[in-house]
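Please read the following briefing alongside the sequence and the 3D view. It begins with how elements are named and then moves through confidence, packing and single residues.

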Amino acid sequence: MKTFAAAIALICAVHLSAAKAQPANPSPAAIATAKEILTLKQATGIYTGAVANVIQNMKNTLLQSNLNYQRDLNEVATQIAGEMKPREAQIANDVARIYAQNFTEAELRDLLTFYKSPLGQKSLTMDPKAVNDTMSYMDQWAVRFSEEVNGRFRAEMRKRGKEI
């Protein structure tokens, strides 16, 4: 899932970097459209569970030096998680706002239309696979290229009379 989220983040970054910056305060309609696009792109995986994860990590950190407070820390973690759950919705709003700041409202509507089209649906399905396939290819390429570079270093050093 983290790989998928990373792929989505990469795809978002590519789209965002290519886009012209928009006003700092996009309209509510632009934000709503951005939310719908992000949902279609399954980008919510980037931040879903972020609040619970931070609380769990903090509880675990505190438990390391306070084992005798395990029961209390578990109860406090549950309480804080309940109180802070709305923060996840705030993240969703902020991410949609960031996305909407990088596109005009018309561009967002066009993107939404695209992602709802058959080709857009295929793109949503195939982009993560294409990113994963690309990452796999690059890993394999790096190994082969490193071997080639290693051979070149050794050959050049041999020419200088030095074995490595």
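Helices (DSSP runs of H or I, at least four residues) and strands (DSSP runs of E, at least two residues) are numbered from the N terminus. With that numbering, S123 has its place in helix 7, which spans residues 118-159. The model is a predicted one, in which local features need pLDDT of at least 70 and side-chain atom pairs count only at pLDDT 80 or more, while totals for chains, interfaces and linings use all residues. Residues are numbered from 1 along each chain as its sequence is written, and side-chain values use heavy atoms, with hydrogens and water left out.

**Confidence and overall make-up**

- The average pLDDT of the chain (pLDDT being the predictor's confidence in each residue, from 0 to 100) is 89, and 86% of the residues score at least 70.
- Over residues 3-7 the pLDDT stays under 50, and for this stretch the model has seven contacts beyond four places in sequence, a contact meaning heavy atoms within 4.5 Å.
- Where pLDDT is low, the predicted coordinates should not be read in detail.
- The chain holds seven helices and zero strands, and its pattern, read along the sequence, is α-α-α-α-α-α-α.
- Of the 164 residues in the chain, 24% are buried, where buried means under 20% relative accessible area, exposed means over 50%, and partly exposed lies in between (1.4 Å probe, protein chains only).
- Among contacts in the chain between residues at least 6 apart in sequence, 81% join residues at least 24 apart.

- S123 counts as buried because its relative accessible area is 16%, and, leaving aside residues up to four places away in sequence, S123 touches F114, Y115 and P128.
- The axes of helix 6 (residues 105-116) and helix 7 come within 4 Å and cross at roughly 80°; axes here are lines fitted to C-alpha atoms, for helices over the stretch in contact, and angles run from 0 to 180 degrees between N-to-C directions.
- Helix 6 and helix 7 are therefore roughly perpendicular to each other, on a scale where angles under 35 degrees count as roughly parallel, over 145 as roughly antiparallel, 65 to 115 as roughly perpendicular and the rest as oblique.
- On the helix 6 side F114, Y115 and K116 take part, and they meet P118, L119, G120, Q121, S123 and L124 in helix 7.
- By class, this contact of helix 6 with helix 7 has five nonpolar, three polar and one charged residues, with Ala, Val, Leu, Ile, Met, Phe, Trp, Tyr, Cys and Pro counted as nonpolar, Asp, Glu, Lys and Arg as charged, and the others, Gly among them, as polar.

- Residues up to four places away in sequence aside, I37 touches Y99, L108, L111, L112 and Y115.
- The axes of helix 2 and helix 5 come within 8 Å and cross at roughly 105°, which means that helix 2 is roughly perpendicular to helix 5.
- This contact is made by A30, I31, A34, K35, I37 and L38 of helix 2 together with A92, N93, V95, A96, R97, Y99 and A100 of helix 5, and by class it has 10 nonpolar, one polar and two charged residues.

- N53, in helix 3, counts as partly exposed because its relative accessibility is 45%, and its C-alpha atom is separated by 9.5 Å from that of A81, 28 residues apart along the chain.
- T78, found in helix 4 (residues 70-84), counts as exposed at 58% relative accessibility.
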